[in-house]
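Look at the structure first, then read on.

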Amino acid sequence: FIVLISISIKITANATPYISYNYDNFGDAVPSQAGYITEKVVDYAFNEPQDIFFHSDKFYIADTQNNRIVVLDNSLDNITTIYDSFIMPDGSETILNQPEGVFVSEEYLYIADTHNERLLVSDFNSKVIMEITKPVSEVYDQNKTFQPAKVLADKSGNIYVISENITTGCMMFSKNGEFIGFYGANYSEINTETIRNYFVSEKKKSRLKRSIPTGINNFDISESFIYTCTEHSEKNVDIIKKLNASGKNVFADREVYFGDYQPKYNSVYYNKPEICDVDISENGYIVCIDRKTGHIFQYDKECKLLFIMGNISEQSGGFEKPSAIETANNNIYVLDSKKNNITVFSETDFGKKVHKAVDLYNLGYYSETLDLWNDILKYDGNYTYAYNGMAYALLRNGDYKSSMKYAKLADDSELYNKAFGEYRTIFLKENASKIFVVAVIVTVLVFRKKR
């Protein structure tokens, strides 16, 4: 009886309000081993928090309706600091008004003070270094208000701002607060309506529905790239973008897709993605969350899907309205603006093995990954990523025949062709003399038969 009770307690503690799944070779959603599991849920009487950022072993929360920035320690067990008032350069005091975004560098605290229509740059002693308000520029429509919702800064000190009413990309400011222009804009669809506009009068144009690009919803920075996400997009290429210094989307030429997608044979799991936040981990994993479904997606650097977790649910570990996501300490942290809490997801043994194999492969230790991939496939025989990993590792090791086998299981024709090409070259070299002799014999037999 005691044993049964202890088992039931363990099951209850590890229960999750969702089914872990992935996609197979045919695009169908199939049950899969969980890469992460809910560890704990933290509540500090937040009121519609909109952003979370990790820096120097601390978490910074934009506690929007409480008009403050809350700083928690690395374990989320204690509040270390609360920023709710600041000292302006002229010595006057100012308070926040529903801040929706926060970013922290080594020197400064950047706050998107949304309803004060400004961006504050402060030191860690609440002294404002710079205040950025609506830019006066020919390229900025003066009829539009300045409503900064999200903010980040690069290593050079340039500041990037997402404004709620701007659809022409991120606003970019210099480290001195000067408005530079817009960066990384999405593009509207080119359709017959757009073409038709060239041939109609101005009066008719005013009656036609305007084709407006979708605005950027959130972003993150990693190394020299800025990753943006768009919550509502008609173009798959705009869902998540990896922008270089010139604003070009590195993912644009790849066949990548983020979020749930229409399965080829089963539409039960399909939901059009509404990605509300994206985060890049220390190891380069891309993590994003769908506001509508509550699903969290983790991808490797090449945008290959690793894990899916999370769900909309009233249970502990589920979300009501996820607003932001962050990775730190090998965990995933999700901020919920309706439940007013933070859900912490920690790696499972399966997740640790997958990440270790991926990290070793990225470092060039191909042979060391083979045993890991084998173990992973024992956990989950439907895990397509492991078949790909085996095929790539065997290809790098020169075992082309075995690589072909696993590439076929992964339904990766490109990888199979690479392995087959190498296998064919070696086969021809090793059997050139035999092939020549057989060819001569066949030729002689054919010639004699004709005679």
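## The four-strand sheet

In this predicted model, four strands make an open sheet with antiparallel pairing, in the order E4-E5-E6-E7. Strands (E, at least two residues) are DSSP runs numbered from the N terminus. Two strands pair if DSSP finds at least two bridges between them. E4 and strand E7 (79-83) are the edges; each has a single partner strand, so one side of each lacks a neighbour in the sheet. Direction ignored, neighbouring strands here are turned by 20 degrees against each other on average. The axes behind that angle are lines fitted to C-alpha atoms.

Strand E6 (residues 68-72) pairs with E7 over four bridges, in the antiparallel sense. Ile69 stands opposite Tyr83 in E7.

## The cavity

The structure holds one cavity of 30 Å³ or more. A cavity is a set of points, on a 1 Å grid over the protein atoms alone, where a 1.4 Å probe fits but cannot get out; lining residues have an atom within 4 Å of a point. Volume is the space filled by probe spheres set on the points, which are joined across faces, edges and corners.

The largest cavity holds about 130 Å³ of space. It is lined by 16 residues, and Asp51, Phe53, Asn218, Phe219 and Asp220 are the closest to its centre. Strands that give two or more residues to this lining include E4 (51-55), E14 (148-153) and E18 (218-222). By class, the lining has nine nonpolar, one polar and six charged residues. Ala, Val, Leu, Ile, Met, Phe, Trp, Tyr, Cys and Pro count as nonpolar, Asp, Glu, Lys and Arg as charged, and the others, Gly among them, as polar.

## Basis

Residues are numbered from 1 along each chain as its sequence is written, and side-chain values use heavy atoms, without hydrogens and water. Local features need pLDDT of at least 70 and side-chain atom pairs pLDDT 80 or more, while totals for chains, interfaces and linings use all residues.

Definitions and conventions. On a 1 Å grid over the protein atoms alone, a cavity is a set of points where a 1.4 Å probe fits but cannot get out, and a pocket is an open set with protein on both sides within 12 Å along at least five of seven lines; lining residues have an atom within 4 Å of a point. Axes are lines fitted to C-alpha atoms, for helices over the stretch in contact, and angles run from 0 to 180 degrees between N-to-C directions.
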